[in-house]
Amino acid sequence: MASNPGLLISEIFTNPSGNDSPFEYVELLATQTIDFSANPYSVVFADNGTATSSGWIAGGNLTYGFDITSGVVNAGDVVYVGGSSLAPTGRKVRTINTGTTNGDRFGNANSGGVLGNGGSNADAVGVFNVNISNLTNSTVPTDAIFFGSAGGNAVVSGGTTGYQLPVNDRYSGGKLQSNSFLAPDPGSNQVIVANGTFNTTTNTFTTARSWNISPATNNSSAITLTSGGGSGAAPTIQEATASPFVNLPATIAGAVSGVIADPTDPAKTLGLDFTIADADTPLNNLTVTAVSNNQNVVTNANLTLGGTGASRNLKINPTGVGFADVTVTVSDGTNTNSYLVNYAASAASVTPNTTRFHTGASDASTAIAIDSNYMLVGDDESQVLRLYDRNQSGLALNGFDFTSSLGLTDTSGSGALREVDIEAATRLNNTIYWTGSNSNSSSGDYRPNRDRLFATQISGTGANTTLSYQGRYDFLEQDVTAWDRNNGHGLGANYLGLTASATPGVIPESINGYNIEGLTIAPDNTTAYVAFRAPLEPASNRSDALIVPVTNFTSLLSSTGGGTQGSATFGAPILLDLGGRGIREIQRNASNQYVIIAGSTGSTTGTAPNDFRLFTWTGNPTDAPELRSANLTALNTGGSFESIVAVPDNLTSTSQLQLLTDNGDTVFYNNGTAAKDLGQNNFKKFRSDIVTLGDTVGQVFNGTSGRDTIIGTEGNDTIIGGVGGDTLTGGAGYDKFVYTNIRDSGDTITDFKIGTDKIVLTQLLDSLVSGGYNGTNAIADNYVKVVQGSSTNNFSLQIDADGSTGGDIFRPFITVNLASTSTGTLNDPRNFLF
């Protein structure tokens with residue numbers, strides 16, 4: 001049988017108005033008679049949310065001790081410990097002027113308070129049944145509660161560092177973890193209040209404590225003490241769901257999230273299974289009930305109980321966004337026992353039939369299909385690769401953590417290894433290659449762990465898929481920047497400006513930043529295309545997305561270390577006009593058709609170029625990508641599209657793609673907390689959406705016989721001005737300006753892009769030359785001449801109707817102005833189609 005804790009935490013006041021000291025306090029409920037002179041207790045307040053090897057006894061500005069060594073309490077008594085000016089009028093068993101006096105044995109006085117206010121680094125109260133002088137870093141509290149929006153620095157993985165946890169209704173011993181329960185953050189002049197039921201016969205909670213925020217002037221904690229008496233033994237209830245899509249502890253309490261109107265929400269469609277039992281009551285005589293404490297999130301009417309005998313099921317159908325505690329209680333008519341479901345509901349998708357919400361993580365950054373039913377998903381906040389069902393909302397089926405294989409060295413201030421920032425992946429046969437972003441941190445700090453490129457081998461199939469580590473390469477960023485710096489591409493030293501982009505201090509999510517977010521295999525099945533979110537290129541005119549071909553990609557990785565710097569070799573850089581967007585994902589199909597998610601180098605607004613669009617591409621560096629009509633903005637995902645799970649074969653306008661969204665910064669529950677900062681991992685989620693590719697967006701524009709003004713789209717347009725002096729603007733994309741007759745003269749092209757747009761003179765030249773023009777360079781053949789205009793970006797295109805063989809002369813035909821983002825000369829046959 002469990003030991004009696006003696007004192008239970010029932011209320012915490014941590015954030016008084018003004019100075020916190022000496023007004024902070026904890027309310028305690030006695031569960032048995034205690035003579036403190038014979039059996040001293042101690043209480044510790046944790047501030048600053050930082051775990052050390054000393055744990056609860058760290059002292060200084062981290063923890064503050066109170067020693068309770070006199071007085072007697074009886075079961076049911078409520079007492080207080082805290083600052084000498086604490087407000088409650090009830091019995092006080094230990095108070096200190098915490099603003100001026102150090103704590104018992106440890107803890108510095110602080111007028112700003114000695115009990116933290118939670119936030120992203122959780123704070124806590126711990127209760128111990130020993131004199132404070134006997135506390136050690138391994139002493140387990142009899143009761144404790146952590147509160148805040150995230151564990152943060154209060155969590156340290158591995159070793160002896162960290163806060164010891166009790167075995168109670170919220171914790172199962174060990175050290176505080178990132179997925180450990182956290183009570184909510186209090187606001188100014190608010191208390192954290194507990195409600196629950198504790199059985200003093202079994203020394204267990206029959207109803208786990210729920211923790212709620214209440215005004216300090218209107219608080220009502222209510223922990224009820226019961227005993228096992230009545231007519232025989234109390235019934236029991238255990239959570240027993242077999243589905244992998246939810247995962248709750250067997251007893252006391254567990255957490256699950258749902259989504260309004262999600263047709264595959266496991267808590268709504270499959271439900272939660274429970275096993276009930278009673279030693280002296282027939283199973284069919286037991287009563288099972290379910291009650292929600294927040295009818296705005298899920299009403300009692302939307303809690304559906306089913307099953308018979310020992311097996312019962314609860315289905316939860318949410319109606320509002322937020323949190324609710326759902327208490328499932330089994331009763332034999334005299335005695336009861338309960339299971340608490342901590343439930344969180346998020347808003348419906350605008351396309352519920354084609355959207356899934358995958359839980360347990362929120363920062364989906366890349367994905368690889370295993371087959372039509374399963375996918376492996378990378379996360380830019382950890383090195384865990386998770387196996388999910390593609391068609392079902394809910395938790396991952398498995399996870400594979402490769403942190404220990406990657407030779408990581410960069411740590412945070414707390415000593416935790418910083419993330420690789422996995423952003424892209426590609427599959428070649430049964431090997432999956434994963435790469436970090438190779439970027440600085442979001443504030444520009446150098447982050448060497450992000451330079452990892454590593455490979456995993458697939459074994460098994462479907463839901464039984466597993467991964468094993470194959471090797472890594474640590475020097476891709478150094479090799480790429482050296483290649484550009486040393487003119488390895490032949491375009492001129494630092495033509496791409498990559499060394500400057502990768503320099504510490506440069507923000508990666510900027511037009512001149514350095515941030516890899518795409519990886520795929522070239523049509524030769526050997527070269528890798530490494531695609532960049534930033535920078536846009538070239539450095540002299542940042543307008544196009546960058547792909548760097550790595551020609552010896554598959555031979556770079558080392559199975560015993562990080563490889564040898566300088567090993568990577570590169571092909572000519574590829575610049576793609578994506579309408580001022582970078583590449584956020586690129587994947588191909590077996591037919592070497594590529595799909596690109598293009599997006600902003602910085603934050604997304606939903607307006608071009610700071611929006612997400614799909615492009616298709618042949619993989620040929622000389623071919624233009626084609627914008628597709630799929631409207632990603634309308635899906636209102638609340639995050640960033642960063643993953644294409646798979647590209648279907650033989651793409652058409654009706655082809656459907658499954659895209660994943662990184663929802664790490666999404667606030668799902670109207671509580672102001674981003675998904676990646678939630679203390680409960682089961683509440684984290686990202687979404688997948690099925691999207692129809694759509695038609696190509698480029699259009700054909702035909703002018704009239706008058707003086708037209710034609711403005712193209714951001715797609716690949718064909719513009720035919722016709723006769724009359726027209727003003728023609730192509731816009732973004734790879735545009736063609738078509739001339740069919742010498743009478744089409746007098747036009748002005750306002751935004752010609754060197755290396756992207758084309759002036760098509762095929763039909764015009766055929767009309768001038770008997771039998772048609774059969775040459776390949778009408779400039780060299782003296783039919784076409786380009787004359788520099790009034791500025792470096794202004795040209796006059798002239799035509800000689802009979803070339804060098806006749807008596808005609810060159811006459812002005814059209815005026816061409818280069819786009820503001822374009823440099824170079826028009827006098828190059830590659831700008832024309834003859």
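User: Where is the place of A301?
Analyst: In this predicted model, A301 sits in the loop between β17 (287-292) and β18 (303-308), where strands (E, at least two residues) and helices (H or I, at least four) are DSSP runs numbered from the N terminus. Residues are numbered from 1 along each chain as its sequence is written, side-chain values use heavy atoms with hydrogens and water left out, local features need pLDDT of at least 70, side-chain atom pairs count only at pLDDT 80 or more, and totals for chains, interfaces and linings use all residues.

User: Is A301 buried or exposed?
Analyst: A301 is exposed, because its relative accessible area is 68%; exposed means over 50%, buried under 20%, and partly exposed in between, with a 1.4 Å probe and protein chains only.

User: And what separates A301 from A277?
Analyst: Their C-alpha atoms are separated by 25 Å, and the two residues are 24 apart along the chain.

User: Zooming out, how many helices and strands are there in the protein?
Analyst: The protein has four helices and 53 strands, and its C-alpha atoms fill a box of roughly 120 × 60 × 55 Å, taken along the principal axes. Of its 834 residues, 56% count as buried.

User: Which residues touch the most other members in the largest nonpolar core?
Analyst: Those are I12, V43 and F146, in a core of 56 residues, a nonpolar core being a set of buried Ala, Val, Leu, Ile, Met, Phe, Trp, Tyr and Cys residues joined through side-chain atoms within 4.5 Å. Strand β4 (residues 41-46) gives the largest share of this core, five residues. Apart from it lies another core, of 29 residues, including I719, L761, L765 and V769.

User: What does F146 touch?
Analyst: Leaving aside residues up to four places away in sequence, F146 touches W56, A122, D123, A124, Y163, L165, Y171, L176, F181, L182 and A183, with contact meaning heavy atoms within 4.5 Å.

User: Changing topic, what is the domain assignment?
Analyst: The assignment, which comes from an automatic or database source, gives domain 1 (7-226), domain 2 (236-346), domain 3 (355-692) and domain 4 (700-831).

User: How many residues are in contact between domain 1 and domain 2?
Analyst: 10 residues of domain 1 are in contact with 10 residues of domain 2, and the C-alpha centres of these two domains lie 30 Å apart. The area buried between domain 1 and domain 2 is about 670 Å², with carbon and sulfur atoms giving 49% of it; buried area is the accessible area (1.4 Å probe) that two parts lose on being put together, summed over both. R170, T206 and A208 supply 50% of the area that domain 1 buries against domain 2, more than any other three residues.

User: What is the count of salt bridges there?
Analyst: The count between domain 1 and domain 2 is zero, where a salt bridge is a side-chain nitrogen of Lys or Arg within 4 Å of a carboxyl oxygen of Asp or Glu.

User: Now the five-strand open sheet: in what order do the strands come?
Analyst: The order is β43-β45-β47-β49-β53, with parallel pairing, and two strands count as paired if DSSP finds at least two bridges between them. β43 (700-702) and β53 (832-833) are the edge strands, each pairing on one side only. Within the sheet, β47 (residues 736-738) and β49 (residues 758-760) are joined by three bridges, and K736 has K758 in β49 as its bridge partner.

User: What about β32, how many of its residues are buried?
Analyst: Seven of the seven residues of β32 (residues 515-521) are buried. β32 runs antiparallel to strand β33 (residues 528-534), with six bridges joining them, and N515 stands opposite A534 in β33. The two strands form a hairpin with six residues between them, and N525 in the turn has a positive phi of about 65°.

User: Where are the cis peptide bonds involving P22 and P538?
Analyst: One joins S21 and P22, with omega about 0°, and P22 lies in the loop between β1 (7-13) and β2 (25-30). The other runs from E537 to P538, with omega near -5°, and P538 is in the loop between β33 and β34 (545-550).

User: And R105, what is its phi?
Analyst: R105 has a positive phi of about 75° although it is not a glycine; R105 is found in the loop between β8 (91-96) and β9 (123-128) and is partly exposed, with a relative accessible area of 47%.
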